[in-house]
Structure formats: structure tokens, C-alpha cells
Amino acid sequence: MSTYEQDAAIETIYAHLVRHSLDQIAISSPEADSGNSLLCQAIARRAAESGKRVLLIELNMLMPSLHASMSLLRNEWLPLTGHWEHAAQETSTPGLYVLCCPEKSVRCVEFRDPETLRLFFDSTRSQFDLMLCDTAPLLHVGENGIPPEQVCASCDHTLLNLLTGCTTESQIDEAQQLLKHSGAALAGSVMNDRYAPTLKQELIRETNRLRRIFPRWMRRIQNYLNRSVLLNQEL
């Protein structure tokens with residue numbers, strides 16, 4: 001999923017955001033390592049490429065990564081008007097600005113006050129067409145972390161990022177209940193196929209089961225699957 005920007009799925013997600021006029025979105029997931037940061041970056045770049053002015057905010061104390069992946073600084077800032085504006089960094093993508101998760105000031109009470117967060121997110125509208133917020137996982141915040149459900153509730157809309165084949169039904173139910181009780185507006189879910197096998201991989205796995213009995217035939221079938229134009233297309 002490293003080529004998110006060219007993926008058809010990103011086009012579908014972006015079209016959904018535009019169609020429903022979603023311009024203030026928190027993206028979260030039930031568990032860690034769900035690809036939230038990659039998804040946020042991909043949507044942000046896609047929007048910026050369409051001429052929108054985009055602000056990508058990282059409020060994930062558990063696993064801050066935007067500064068490393070985008071070669072940016074972790075500037076100190078607070079969600080107060082006149083303060084955060086100076087910490088936003090312009091990226092190599094025209095129109096895309098980033099607020100990386102600060103190292104020290106993120107522990108300040110302002111980040112845990114729902115009203116302050118709501119005013120902060122609303123203040124971004126005067127300068128940006130789209131605001132995306134990368135939050136910590138809902139079910140694994142860590143000590144002293146910003147409650148992600150509180151961040152989601154302070155945003156107009158929330159997208160829930162789920163890992164196909166990894167996220168369990170109970171985790172989805174727990175995450176949805178947490179968002180519901182916090183007052184967050186769930187705009188939809190994204191099924192992340194990061195660890196999901198492709199049809200070709202599944203077919204080859206099945207041929208491996210019969211390789212001891214029919215080695216020659218299975219090799220031929222595997223060669224055919226590897227050469228198949230249909231099975232090797234990006235879906």
C-alpha cells in the first residue's frame with residue numbers, strides 16, 4: 001500500500017469525501033499498525049493534487065511517524081488560534097501542509113479539552129479546504145496519550161480504518177461503541193487490504209497443497225497463474 005496515491009481505492013475514497021462534502025475528518029483504527037498514517041498521507045496528497053489546500057494533523061502519541069516519513073520537524077505547538085499556524089510545515093506537494101505530533105507540548109491540557117480541540121479544528125477552515133487528522137488507535141492509546149475518541153468527537157466526521165483479515169468483529173464493535181458514546185460522527189469505514197492475499201496468491205497456495213501428488217501439473221498451473229494478465233492486474 002506504499003503506492004496509495006495511484007491506487008484505485010484512494011480515488012474511490014476521495015470521490016466519497018468530495019461527494020458528501022467532508023472537509024474535516026479524523027481517521028482512526030481499532031488497533032495499531034493499521035496503516036493510518038499512509039492512508040492519511042495518500043488522501044491528503046490526492047486532495048492537494050486536485051488544487052485543494054490541505055492540512056494533515058498528527059495526534060498520535062503512540063506511534064508518531066509523519067516527521068520521519070515526510071522528512072519534517074516535530075515543531076512544538078498548541079491547538080490555540082495564533083499558535084498552531086506557525087508550526088504548520090509546507091511539504092514538497094504544493095498545497096499540502098503538515099502539523100506533526102509535538103514531543104513535549106502534546107502533553108498539555110489543551111490537547112485533552114474537547115472544546116479547545118473543537119475550536120482548533122474549526123479554525124483550520126479559514127485557511128484550508130480539507131483537514132485530516134491521524135489519531136492513535138482507539139483500543140490501544142497508551143499511557144498519557146490523547147484519547148482518540150475525543151479527537152474524533154471534536155472533528156465533524158470520522159473514518160474507521162480496518163485491516164482485512166486482521167481486525168476482528170469484536171474489535172469493530174468495541175471501536176464503534178467507543179465512537180458512539182463519545183459523540184463522534186462515523187462517516188464510513190475503509191477496508192485496508194494490506195495483509196490480505198490476492199486471488200493469485202490464494203490460487204498458488206492451493207496448488208502447493210497438490211504439488212507432491214501432481215508436481216508437473218502444479219508447476220505448469222503455477223507458471224500460468226504467474227503469467228496471467230488478469231490475475232496480475234492491480235485491483
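Trainee: Which side chain does Glu 11 meet in a salt bridge?
Mentor: Glu 11 pairs with Arg 46, at 2.8 Å from N to O. A salt bridge here is a side-chain nitrogen of Lys or Arg within 4 Å of a carboxyl oxygen of Asp or Glu. This is a predicted model, where local features need pLDDT of at least 70 and side-chain atom pairs count only at pLDDT 80 or more, while totals for chains, interfaces and linings use all residues. Residues are numbered from 1 along each chain as its sequence is written, and side-chain values use heavy atoms, leaving out hydrogens and water.

Trainee: Where do Glu 11 and Arg 46 lie?
Mentor: Glu 11 lies in helix 1 (residues 8-19) and Arg 46 in helix 2 (residues 36-49), so the bridge ties together parts 35 residues apart in sequence. Helices are DSSP runs (H or I) of at least four residues, strands are E runs of at least two, and both are numbered from the N terminus.

Trainee: And is Arg 46 buried or exposed?
Mentor: Arg 46 counts as buried, at 16% relative accessibility. Glu 11 counts as partly exposed, at 35%. Buried means under 20% relative accessible area, exposed means over 50%, and partly exposed is in between (1.4 Å probe, protein chains only).

Trainee: Okay, what about Asp 23? What does it form a salt bridge with?
Mentor: Its partner is Arg 125, with the closest N and O atoms 3.4 Å apart. Asp 23 sits in the loop between helix 1 and strand 1 (24-28), and Arg 125 in the loop between helix 4 (114-123) and strand 5 (130-135), so this pair links parts 102 residues apart in sequence. Asp 23 is partly exposed at 27%, and Arg 125 is partly exposed at 35%.

Trainee: Which residues do salt bridges with shared partners join into one network?
Mentor: Asp 23, Asp 122, Arg 125 and Asp 156.

Trainee: How many salt bridges are there in the whole structure?
Mentor: A search finds five.

Trainee: Switching to the surface: which residues gather in a patch of positive charge?
Mentor: Arg 211, Arg 216, Arg 219 and Arg 220. Arg 219 belongs to helix 8 (residues 215-227) and is partly exposed, at 41%. Patches take residues with over 30% relative accessible area and no salt bridge, joining like charges within 9 Å and nonpolar side chains (Val, Leu, Ile, Met, Phe, Trp, Tyr) within 5 Å.

Trainee: Now Thr 93. What does it touch?
Mentor: Thr 93 touches Arg 45 and Ala 48, leaving out residues up to four places away in sequence. A contact means heavy atoms within 4.5 Å. Thr 93 is in the loop between strand 3 (89-90) and strand 4 (96-99), and it counts as buried at 13% relative accessibility.

Trainee: Last one: how many helices and strands are in the chain?
Mentor: Eight helices and seven strands. Of the 235 residues, 43% are buried. Among contacts between residues at least 6 apart in sequence, 76% join residues at least 24 apart.

Note on methods:
Accessible areas come from the Shrake-Rupley method with a 1.4 Å probe; for residues, only the protein chains shown count as cover. Lys and Arg count as positive and Asp and Glu as negative; His and the chain ends are not counted. The place of a charge is taken as NZ of Lys, CZ of Arg, CG of Asp or CD of Glu.
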